[in-house]
Amino acid sequence: MFFIKSCCFIGHKNCTREISERLLFEIEELITKKDVNCFYVGTQGNFDKLSYEVLSSLEKKYEIKINVVLAYLNKKTDNPYYDADKTIFPDELTKTPMRYAIRKRNSYMIGKADYIVSYLNTPFSNAYCNIEEAVRKKKYIINIGAFNVESIAL
């Protein structure tokens, strides 16, 4: 598979299934209109879980690559989507203290992505700090949360 463009997902861990339809729409738009076929998704919280579920359903319809990016290598998890063929643990996280691992993992994904799909409702979170980074790096951000990402200053 030839990878044309990529996307990652950054958002609050708490979200409801109500965003699933919007998430599906945005991802399918990226695939069909922007030639995105490589996706990076984390393993913390509902937003990551919903993103993975939507990607998995689209994997049956489109030729896409899903990369599940771990923040911790040896932490037990109840995430059902660990698959050796899809899982990545970035080398730069091997010496990262656990309390910084999620933010650094997200930074890794932002660096790999052309597009960011975010679920951001408040500026008081690590997700907001990562979206600030994406804005500085001039990434194309699609926020399906309530926060106005365009208000983030460079």
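Against which elements do the buried residues of H4 pack? In this predicted model, they pack against E1, H3, strand E5 (115–119) and E6. The legends below begin with the whole chain and then turn to individual sites.

**Figure 1. Overall architecture of the predicted model.** The protein comprises four helices and six strands. Read from the N terminus, its elements follow the order β-α-β-α-β-β-α-β-α-β. The radius of gyration is 14 Å, close to the 15 Å that the globule rule gives for 154 residues, so the protein is as compact as a globular protein of that length. Along the principal axes, the C-alpha atoms occupy a box of roughly 40 × 40 × 30 Å. Of the 154 residues, 50% are buried. Among contacts between residues at least 6 apart in sequence, 72% link residues at least 24 apart.

**Figure 2. Helix H4 and its packing partners.** Seen here are the buried residues of H4, namely Ala-127, Tyr-128, Asn-130, Ile-131, Glu-133, Ala-134 and Val-135. Together they pack against E1, H3, E5 and E6. At the start of the helix, a side-chain oxygen of Ser-125 comes within 3.4 Å of the backbone nitrogen of Ala-127. After the helix comes Lys-138, with a positive phi near 60°.

**Figure 3. Asn-130, a polar residue buried in helix H4.** Asn-130 belongs to helix H4 and has a relative accessibility of 0%, so it counts as buried. Its side chain forms a polar contact of 3.2 Å with the side chain of Asn-106. Residues up to four places away in sequence are not counted in the following list: Asn-130 touches Ile-10, Arg-103, Asn-106, Ser-107 and Ile-110.

**Figure 4. Ala-134 in helix H4.** The relative accessibility of Ala-134 is 0%, and the residue therefore counts as buried. Apart from neighbours within four places in sequence, Ala-134 is in contact with Ile-110, Ile-116, Lys-139 and Ile-141. Ile-110 is also among the residues that Asn-130 touches.

**Figure 5. The largest pocket and its lining.** This pocket holds about 260 Å³ of space. Its lining consists of 13 residues, and those nearest the centre are Gly-11, His-12, Lys-13, Gln-44 and Ile-102. Strand E1 (5–11), helix H3 (98–112) and helix H4 (126–136) are the elements that each give two or more residues to the lining. By class, the lining includes four nonpolar, six polar and three charged residues.

**Figure 6. Thr-43, in the loop between strand E2 (36–41) and helix H2 (45–59).** Thr-43 has a relative accessibility of 5% and therefore counts as buried. A polar contact of 3.4 Å joins the side chain of Thr-43 to the side chain of Gln-44. Gln-44 is one of the lining residues nearest the centre of the largest pocket.

**Figure 7. Ala-71, in the loop between strand E3 (65–69) and strand E4 (87–88).** Ala-71 has a relative accessible area of 3%, and it is therefore buried. With neighbours within four places in sequence left aside, Ala-71 is in contact with Gln-44, Phe-89, Leu-93, Ala-101, Ile-102 and Arg-105. The C-alpha atom of Ala-71 lies 8.4 Å from that of Asn-106, a residue 35 positions away along the chain.

**Figure 8. Positive phi values at Asp-35 and Lys-138.** Most residues other than glycine have a negative phi. Asp-35 is not a glycine, yet its phi is positive, near 60°. The residue lies in the loop between helix H1 (20–34) and E2, and its relative accessibility of 42% makes it partly exposed. Lys-138, likewise not a glycine, has a positive phi of about 60°. Its place is the loop between H4 and strand E6 (140–143). With a relative accessibility of 65%, Lys-138 counts as exposed.

Note on methods
Residues numbered from 1 in each chain as written. Predicted model: local features only at pLDDT ≥ 70, side-chain atom pairs only at ≥ 80, totals over all residues. Heavy atoms only, no water. 1 Å grid on protein atoms, 1.4 Å probe; cavity = no way out; pocket = protein on both sides within 12 Å on 5 of 7 lines; lining within 4 Å. Points joined across faces, edges and corners; volume = space filled by probe spheres on them. Buried < 20%, exposed > 50% of the residue type's maximum accessible area, 1.4 Å probe, protein only. Polar contact = N/O pair within 3.5 Å; in protein donor to acceptor, adjacent residues only side chain to side chain. Contact = heavy atoms within 4.5 Å. Rg over C-alpha atoms; globule rule 2.2 N^0.38 Å.
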